[in-house]
Amino acid sequence: MPELTASTPSKVRDGNQTLARGLRVLLAIADSKSGMTVQQVGDMLGVHRSIAYRVLQTLVDFDLAARSSEGTYIPGARLATLAEAFLPALRDATGPVMRSLADRLQSTVMLFVAQGADAVAIAMTEPTTASHHIAFRPGMRTPLTRGAAGYAILAADPPARGEPEEVALARERGYARSHAEVEAGQYAVAAWIPMTGTATRACLNLITYREDIAGAAGPEMRRAADQVARALRRQA
């Protein structure tokens, strides 16, 4: 799907261009490590600075963006409440489990859900017991057909023609593994969360540079995912 820009023919209906611009800017600010200036936003949209400023100011008015002391625009506080509103029961059930896993295995643990053809990280817990660990930002996407998170999510479904071989292996052992498929040198181990009566497909995913941790983490990831499933059933 081509990126939407001011110079690219848009498929949005007349009247939705302003909304599309605002959403593009909001996502760009959320992905930026140091915020974005008015000029950067104007360049990204291909519009005059005055238009970029109006888009940014609208986001500020709704607390979706804020102006930093350096003059850049950064994510606003309202984004935190929006994030918490997405699958709150799943987040509540996975939070303590992810914290325990991260500290015990000295690795970053992420919660992924399926959205279309991708696995999308919606929460992340970093270990407090390790000085060095891998860190990603929530919102990262990986194809369902590449990497442990995608394999684990697909493994929760019945076998499908053309699925990666790693998906069938994950069904057999209860968890998926991958190495350097998403990031160079990175090991990943993921287990799907059994969820019935919902269209949501999710998994817990551990990432580490340590082969020894990844090699032993599978059964523990499986137990953790099943623990989350039991907690969700109690909430129902």
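Trainee: What kind of model is it, and how are things numbered?

Mentor: It is a predicted model, where local features need pLDDT of at least 70, side-chain atom pairs count only at pLDDT 80 or more, and totals for chains, interfaces and linings use all residues. Residues are numbered from 1 along each chain as its sequence is written, and side-chain values use heavy atoms, with hydrogens and water left out.

Trainee: How many helices and strands are in the chain?

Mentor: The chain has eight helices and eight strands. Both are DSSP runs numbered from the N terminus, helices being H or I with at least four residues and strands E with at least two.

Trainee: And what percentage of the residues is buried?

Mentor: Of the 236 residues in the chain, 42% are buried. Buried means under 20% relative accessible area, exposed means over 50%, and partly exposed is in between, with a 1.4 Å probe and protein chains only.

Trainee: What about contacts between residues at least 6 apart in sequence?

Mentor: Among those, 54% join residues at least 24 apart. Contact means heavy atoms within 4.5 Å.

Trainee: Strands next. Why is β3 described as largely enclosed?

Mentor: Strand β3 covers residues 108–115, and six of its eight residues are buried, so it is largely enclosed by the rest of the structure.

Trainee: Which strands is β3 joined to?

Mentor: β8 (residues 202–208) is joined to β3 by six bridges, and β4 (residues 118–125) by seven. Both pairings run antiparallel. Two strands pair if DSSP finds at least two bridges between them.

Trainee: Which residues are the bridge partners of Leu-111?

Mentor: Leu-111 is partnered by Leu-204 in β8 and by Ala-123 in β4.

Trainee: What does Ala-202 touch?

Mentor: Ala-202 is found in β8 and is buried at a relative accessible area of 2%. Leaving aside neighbours within four places in sequence, Ala-202 is in contact with Leu-90, Leu-111, Phe-112, Val-113, Ile-153, Trp-192, Ile-193 and Met-195. Ala-202 and Val-113 are 89 residues apart in sequence but 4.2 Å apart in space, C-alpha to C-alpha.

Trainee: Switching to helices. Where does α5 bend?

Mentor: α5 bends by about 35 degrees at Thr-94, and Pro-96 follows within four residues. The bend at a residue is the angle between axes fitted to the seven residues ending there and the seven starting there.

Trainee: What span does α5 have from its first C-alpha to its last?

Mentor: α5 (residues 88–105) has 18 residues and reaches 25 Å, close to the 26 Å expected at 1.5 Å a residue. The expected span is 1.5 Å times one less than the number of residues.

Trainee: What covers its buried residues?

Mentor: The cover for α5 includes β3, β4, β8 and α8 (211–235). Among the buried residues of α5 are Leu-90, Thr-94, Met-98 and Leu-105.

Trainee: And α6?

Mentor: Helix α6 (residues 148–155) is mostly covered, with eight of its eight residues buried.

Trainee: Which residues other than glycine have a positive phi?

Mentor: Examples include Asp-63, near 60 degrees, and Gln-106, near 50 degrees. Asp-63 lies in the loop between α3 (49–61) and β1 (65–67) and is partly exposed at 48% relative accessibility. Gln-106 lies in the loop between α5 and β3 and is partly exposed at 35%.
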